[in-house]
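The sequence and the structure are shown first.

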Amino acid sequence: MGSKYTKRYTEEFKRDAIALVDSSGKTVTAVARELGISSESLRGWYRKAKADRGSSESGELTSAEREELKRLRKEVREQQQTIEILKKATAFFVKENDR
């Protein structure tokens, strides 16, 4: 559990705070101070929003891309397990037929 001082902000509030940084020309720290939130929080939201818009120079994946990557990795793992089971079954049946 987070500390009792951790506030939960709505997605709308986060979007508005990020838009304020973009439109005001002020620093993240200045906007965070005006809104009464921690600059670490706002900086994190801002970085994530930039990555999600695909405007991150760091080559970070968007949330959607991360989700897809997770799904594809899980799918590959499941398929590899299926292949291993089929190989064992095939070897078993080959041996049975050789008797």
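Predicted model: local features only at pLDDT ≥ 70, side-chain atom pairs only at ≥ 80, totals over all residues.

Residues are numbered from 1 along each chain as its sequence is written, and side-chain values use heavy atoms, with hydrogens and water left out.

**Overall fold**

The chain contains 4 helices and 0 strands, which gives the pattern α-α-α-α along the sequence. Helices (H or I, at least four residues) and strands (E, at least two) are DSSP runs, numbered from the N terminus. Of the 99 residues in the chain, 16% are buried; buried means under 20% relative accessible area, exposed over 50%, and partly exposed in between (1.4 Å probe, protein chains only). Among contacts with a separation of 6 or more, 32% join residues 24 or more positions apart, where contact means heavy atoms within 4.5 Å.

**The pair α1 and α3**

The axes of α1 and α3 come within 10 Å and cross at roughly 85 degrees. Axes are lines fitted to C-alpha atoms, for helices over the stretch in contact, and angles run from 0 to 180 degrees between N-to-C directions. The two helices α1 and α3 are therefore roughly perpendicular to each other; angles of 65 to 115 degrees count as such, those under 35 as roughly parallel, those over 145 as roughly antiparallel and the rest as oblique.

On the α1 side, Phe13, Lys14, Ala17, Ile18, Val21 and Asp22 meet Leu42, Trp45, Tyr46 and Ala49 of α3. These contact residues of α1 and α3 divide into 8 nonpolar, no polar and 2 charged. Ala, Val, Leu, Ile, Met, Phe, Trp, Tyr, Cys and Pro count as nonpolar, Asp, Glu, Lys and Arg as charged, and the others, Gly among them, as polar.

**The largest pocket**

The largest pocket has a volume of about 250 Å³, and its lining consists of Glu11, Lys14, Arg15, Ile18, Gly44, Trp45, Lys48, Ala49, Asp52 and Arg53. Two or more of these lining residues come from each of α1 (11-24) and α3 (39-52), and α3 gives the most, with 5 residues. By class, the lining of the largest pocket has 3 nonpolar, 1 polar and 6 charged residues. On a 1 Å grid over the protein atoms alone, a cavity is a set of points where a 1.4 Å probe fits but cannot get out, and a pocket is an open set with protein on both sides within 12 Å along at least five of seven lines; lining residues have an atom within 4 Å of a point. Grid points are joined across faces, edges and corners, and a volume is the space filled by probe spheres set on the points.

| Residue | Relative accessible area | Class |
|---|---|---|
| Lys14 | 18% | buried |
| Ser39 | 18% | buried |
| Tyr9 | 22% | partly exposed |

Lys14 belongs to α1, whereas Tyr9 is placed in the segment before α1. Leaving out residues up to four places away in sequence, Tyr9 touches Lys14, Ile37 and Trp45. Tyr9 and Ile37 are 28 residues apart in sequence and 9.9 Å apart in space, C-alpha to C-alpha. Ser39, in helix α3, is in contact with Val28, Thr29 and Ala32, leaving aside its neighbours within four places in sequence.
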